[in-house]
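Here are my notes on the model you sent over. Have the structure open while you read, and follow the points in order.

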Amino acid sequence: MLNEERIKLMTKTAAYEENEGKKNMAIGSYFRSDYLELHVIQSLLYGTLAFLVVGAMVLYYRFETFLQDIYKMDLLQFGKDILRYYIIFLVVNAVISYIVYSVRYSRAKRSLKRYYNNLKKLSALYEREGKR
Amino acid sequence: MTTLLELRENLRNFYSKYEIYITPFLKFLLAVICLYAINLNLGYMSRLGNPVIVLVVALMCSFLPFNLIVIVSAMFVLAHLYALSLESAVVALALFLLLFLLYFRFVPKDTLVVLLLPLAFACRIPYLVVFAIGLVGTPVSVISVACGVIVYYLIDFIRTNASAISSLEADNAIGKFRFIIDGMLGNKPMLVMIVAFGITVLIVYLLRRLSVDYAWTIALVAGSVTNIVLLLVGDLMFDTKVSIAPVLFGTVISFLLCKVFQFFVFNVDYTRTEYVQFEDDEYYYYVKAVPKNSVPKQKKTVKKITSVIE
């Protein structure tokens, strides 16, 4: 016999699995710490790349003055300055991505919880039918 | 009004029935329009102007995710700029990279703004996209709008100064590079636009969330007024040479288009038809789940008409 209620639940869960569930399940397969770690490290890499792009642009823009001054300036201090900017930039970048991804993680978990509740209901329906 | 409502309902039914065909077609259309606009405005690489190339690429885009249209358009822009001068392509590439690395990595859904806003700028109605983002977006979308404005002004700057850029000597690479960067950094109209659009998006966003009747209309009206006032104030303060007539005209047109969109797009739930398959011990199920029309029941008002009959 076809059980209408069961089919509705199955359709709902299947549709979820096919659409937004896919992404959420991928997120849900991580522990929170692992997920955040992965994305913060990723954002550090991306941030480094962005810093390099900006740095290259600035350097090229000031190329002539830079070449003139290179013998006069304190290279150690110059390196320290760049390092400071780099670290500040990375920290800001990491904090932002930490916040963004922790919000995303808790949202995905909440949505998955609803999905698992539906699955539980489904299995309860099956059990009831089996006993009959 | 009834005919309009009926039309909307028919449109909705049509969409939920043929969604599989309509979405790719819309993607195709968007890709064709974008690539055509890019070729029209930046046609430095004549090979890309070939309609066959445009059609083939657009056809490819129609089957792939929306964001691919953005990437393909970016590549078209870069190719054209490369044909003009290497330096302009480098600057554009750096800008695109930074936008992706620092921002759109977090909000890939907003990427389309960077495509639509320059397109709307080309049609003289950037306000349309600004209002629409205020209506459907989040406060973070302010950054997306700023990115879109920057991309448009970079392309516009290079386009209007193309002859100056190519007339600089070929060995003066740094000179060309500095010319473009200086042009971008000192671009006051761009800064005014970014500030004005950002505030407009915020105002539209805040007002449409109010729980009062006609919140969306109020938001649109307030947004239009803010937009006009800010652009004119910006013009007075920084002498950005924004002329009043196009701003007024563009805002009014954007407002009207937004109202149309609100009626046909934003207020209607175009939930898609789902095709799912699953099985249990006894059956295979191939389910087509069509979303129900949930039209809120109209309140009935009883009018009493009494007349004294003598």
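1. The largest nonpolar core holds 73 residues, a core being buried Ala, Val, Leu, Ile, Met, Phe, Trp, Tyr and Cys residues joined through C-beta atoms within 7 Å; buried asks for 20 or more other C-beta atoms within 10 Å of a residue's own, with C-beta atoms placed from the backbone. Leu117(B), Phe131(B), Val145(B) and Val149(B) have the most contacts inside it. Helix α7 (residues 141-160) of chain B supplies the largest share, 13 residues; helices here are DSSP runs (H or I, at least four residues), numbered from the N terminus.

2. Please keep in mind that this is a predicted model, where local features need pLDDT of at least 70 and side-chain atom pairs count only at pLDDT 80 or more, while totals for chains, interfaces and linings use all residues. Residues are numbered from 1 along each chain as its sequence is written, and chains are lettered from A and ligands numbered from 1 in the order in which they are written.

3. Look next at Phe131(B): leaving aside residues up to four places away in sequence, Phe131(B) touches Val204(B), Leu220(B), Gly223(B), Ser254(B) and Cys258(B). Contact means C-beta atoms, placed from the backbone, within 7 Å.

4. Between the chains, 17 residues of chain A are in contact with 17 of chain B. On the chain A side, α1 (4-18), α3 (32-61) and α4 (63-69) each give two or more residues, and α3(A) gives the most, with eight. That side divides into 14 nonpolar, one polar and two charged residues (nonpolar: Ala, Val, Leu, Ile, Met, Phe, Trp, Tyr, Cys and Pro; charged: Asp, Glu, Lys and Arg; polar: the others, Gly among them).

Definitions and conventions. Contact = placed C-beta atoms within 7 Å. Buried ≥ 20, exposed ≤ 12 C-beta atoms within 10 Å, placed from the backbone.
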